[in-house]
Amino acid sequence: MDEIDLAYTDTGAGPAVLLLLHGYPFDRTMWRDQIDFLSRNGFRAIAPDLGATSDKLQLVEPAIRKAEAGQTTKTMDEMARDAAALLDELKIDKAVVCGLSMGGYVAFEFLKLFPLRVSGLVLAGTRAPADNEKEKQGRRAQIEQMLAAGMAPMADATLPKLLAPRTLAEKPEVVARVQEMILRTEPMKAAAAQRGMAARRDYSADLADIDVPTLIIVGREDPIRPVADAEFMQAGIRNSLLEIIEEAAHMTNMEQPEVFNRSVLAFFEQLA
Ligand code: MLT
């Protein structure tokens with residue numbers, strides 16, 4: 001990437017930097033509570049919007065957009081390179097890289113591509129294996145639906161999986177924020193990211209080579225990336241820590257921000 005065309009947040013002034021990589025189909029605002037908390041506690045938090053592809057696609061004619069959307073893939077590797085280019089631009093050498101779900105896949109790629117730039121890893125609600133055929137098929141079906149009908153059906157279908165029953169019942173503000181993020185995601189951008197996730201490699205073989213401190217976080221009630229996925233990563237990554245967050249599903253950082261933040265802060269303090 002020659003120029004930085006990522007939108008991003010850069011807050012806080014500490015020497016320790018946390019690079020926050022969002023999940024799908026979300027944006028950097030999902031990290032609001034972490035950005036506030038960490039910057040108040042002496043850390044610098046950088047959170048880009050991954051997937052700059054859509055801005056370019058918006059410039060072209062609708063018919064071409066449709067054709068392009070059918071072909072455009074935003075790979076996990078490209079997202080990792082975009083994030084590294086942002087760190088270059090901000091003159092940051094190293095960061096703790098924290099990714100949730102798709103952001104976790106990007107974190108695996110980032111570590112592989114730029115091992116010397118990673119001082120620690122936080123892997124939340126993610127997993128190492130690649131998709132199987134059925135999962136790839138599911139992504140293809142979702143792409144067709146998003147391009148034909150927009151994001152609303154997808155939001156309705158996924159909210160009960162993204163959020164735990166208690167969050168859905170008692171935290172309407174969190175429900176609304178997640179829903180709004182999904183609805184404002186450009187379908188073509190979501191489609192490009194879906195293609196990128198379907199094409200991602202299997203990160204299982206990377207686990208044994210990870211030699212940076214690693215914190216793994218998972219929601220006890222996450223049906224998308226369940227506890228077993230987190231345990232698999234913990235078994236494969238030397239000296240990694242596992243935090244299972246109660247009363248949370250996939251969006252642990254938004255559903256239980258205090259617990260998530262405390263866990264990340266304790267991890268940071270241990271690194272120092
Ligand atoms: C995410 O939250 O980023 C997605 O659920 C990841 C995926 O679809 O694999």
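Me: Which residues lie nearest the centre of the largest cavity?

Reply: A cavity here is a space where a probe fits but cannot get out. In this predicted model, the largest cavity is lined by 15 residues, and those nearest its centre are His 22, Leu 50, Met 102, Lys 189 and Ala 193.

Me: What is the volume of that largest cavity, and how many cavities of 30 Å³ or more does a search of the whole structure find?

Reply: The volume is about 100 Å³. The search turns up one cavity of 30 Å³ or more.

Me: Which helix gives the largest share of the lining?

Reply: That's helix α10, residues 187-198, with four residues in the lining of the largest cavity. By residue class, the lining has nine nonpolar, four polar and two charged members.

Me: Okay, on to the ligand. Where does the ligand sit?

Reply: A pocket, unlike a cavity, is an open set of points. The ligand sits in the largest pocket. Around the ligand you'll find Gly 23, Tyr 24, Ser 101, Met 102, Tyr 105, Arg 139, Met 197, Ile 224, Arg 225 and His 250. That shell splits into five nonpolar, three polar and two charged residues.

Me: Which polar atoms lie 2.8 Å or 2.9 Å from an oxygen atom of the ligand?

Reply: For polar contacts, look for N or O atoms paired within 3.5 Å. Ser 101 has a polar side-chain atom 2.9 Å from a ligand oxygen. Met 102 has a polar backbone atom 2.8 Å from a ligand oxygen, and for Arg 139 a polar side-chain atom lies 2.8 Å from one.

Me: And how much of the ligand's accessible area does the protein cover?

Reply: On its own, the ligand has 270 Å² of accessible area, and the protein covers 92% of that.

Conventions:
Residues numbered from 1 in each chain as written. Predicted model: local features only at pLDDT ≥ 70, side-chain atom pairs only at ≥ 80, totals over all residues. Heavy atoms only, no water. Near = heavy atom within 4 Å. Polar contact = N/O pair within 3.5 Å; in protein donor to acceptor, adjacent residues only side chain to side chain. Areas by Shrake-Rupley, 256 points an atom, 1.4 Å probe, with all protein chains shown as cover. 1 Å grid on protein atoms, 1.4 Å probe; cavity = no way out; pocket = protein on both sides within 12 Å on 5 of 7 lines; lining within 4 Å. Sits in = over half its atoms within 2 Å of the grid points. Nonpolar A, V, L, I, M, F, W, Y, C, P; charged D, E, K, R; others polar. Points joined across faces, edges and corners; volume = space filled by probe spheres on them. Helix = DSSP H or I, 4+ residues; strand = E, 2+ residues; numbered from the N terminus.
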